[in-house]
Amino acid sequence: RTVTVMFLEVHFTGTDPDDHQIILNTIQLAFTIIYDQMTRMLGTINKLYMFDKGCTFLIIFGMPGKKHEDEPTRALKAADNIMKDFHTKNLEASIGITTGERLRDNWPPTTPRIRRLVT
């Protein structure tokens with residue numbers, strides 16, 4: 001099965017790393033914008049990674065039940081809309097998109113319900 005994966009990194013530039021309320025508000029605003037676009041374009045927010053200079057959203061197009069032939073196009077349209085919305089809210093971000101075959105395995109091997117995506 002082919003999937004399209006979007007890596008969206010929200011940058012915390014100019015933000016004091018100790019000001020947790022501003023960071024939380026930034027993440028909430030970013031999540032709201034991203035979730036709205038994923039609802040429209042049928043993408044799935046799979047993971048959120050936090051680090052000292054920002055956070056990264058891992059978004060997947062083509063998950064079971066949401067498979068479409070034009071997933072790369074949907075991902076590009078969503079990325080464009082997200083960046084436009086981010087600019088109106090003074091959020092900085094960078095986006096990378098790739099399409100390829102999905103490999104699935106169970107991890108850990110004794111727990112078949114937990115799955116991870118490898119692209």
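Is Phe 31 buried, partly exposed or exposed, and what is its relative accessible area? Please go on from there to its surroundings.

A: The model is a predicted one. In it, Phe 31 has a relative accessible area of 33%. Buried would require under 20% and exposed over 50%, so Phe 31 counts as partly exposed.

Phe 31 lies in helix α1, and so does Tyr 35. The two are four residues apart, which is about one turn of the helix. An α-helix has 3.6 residues a turn, so residues three or four places apart point the same way. Tyr 35 is also partly exposed, because its relative accessibility is 48%.

Next come the rings. A search of the whole structure finds two aromatic pairs. In one of them, the ring centres of Phe 31 and Tyr 35 are 5.8 Å apart and the planes meet at 15 degrees. Stacked pairs have planes under 30 degrees apart, so the pair of Phe 31 and Tyr 35 is stacked.

Phe 31 also pairs with Phe 57. Here the centres are 6.5 Å apart, the planes are at 35 degrees, and the pair is tilted. Phe 57 belongs to strand β3 while Phe 31 belongs to helix α1, so this pair ties together parts that are 26 residues apart in sequence. Phe 57 is buried, since its relative accessible area is 0%. Phe 31, Tyr 35 and Phe 57 form one aromatic cluster.

The largest nonpolar core has 22 residues, and Met 6, Leu 8 and Phe 86 have the most contacts inside it. Two or more residues each come from β1, α1 (20-41), β3 (54-61) and α2 (71-88). Helix α1 gives the most to this core, with seven residues.

Phe 86 shows how these parts meet. Setting aside residues up to four places away in sequence, Phe 86 touches Leu 8, Val 10, Ala 30, Ile 33, Ile 34, Leu 91 and Ala 93. Phe 86 is one of the buried residues of α2, together with Glu 71, Arg 74, Ala 75, Ala 78, Ala 79 and Ile 82. Seen down the axis of α2, its buried residues fall within an arc of 135 degrees, so they line one face of the helix. Among the elements that cover them are β1, α1, β3 and β4 (92-101). On the other side of α2, Leu 76, His 87 and Thr 88 are exposed.

Thr 4 lies in β1, which runs over residues 2-11. Thr 4 is buried, because its relative accessible area is 0%. Apart from neighbours within four places in sequence, Thr 4 is in contact with residues including Ile 59, Ile 60 and Phe 61, as well as Glu 71, Pro 72 and Ala 75. The side chains of Thr 4 and Thr 99 are joined by a polar contact of 2.9 Å.

Technical notes: Residues are numbered from 1 along each chain as its sequence is written. This is a predicted model: local features need pLDDT of at least 70, side-chain atom pairs count only at pLDDT 80 or more; totals for chains, interfaces and linings use all residues. Side-chain values use heavy atoms; hydrogens and water are left out. Buried means under 20% relative accessible area, exposed over 50%, partly exposed in between (1.4 Å probe, protein chains only). A polar contact is a pair of N or O atoms within 3.5 Å; within protein, one must be able to donate a hydrogen and the other to accept it, and residues adjacent in sequence count only if both atoms are side-chain atoms. Contact means heavy atoms within 4.5 Å. A nonpolar core is a set of buried Ala, Val, Leu, Ile, Met, Phe, Trp, Tyr and Cys residues joined through side-chain atoms within 4.5 Å. Rings of Phe, Tyr and Trp (its six-membered ring) pair if their centres lie within 6.5 Å; planes under 30 degrees apart count as stacked, over 60 as edge-to-face and the rest as tilted. The arc is that of the directions from the helix axis to the C-beta atoms.
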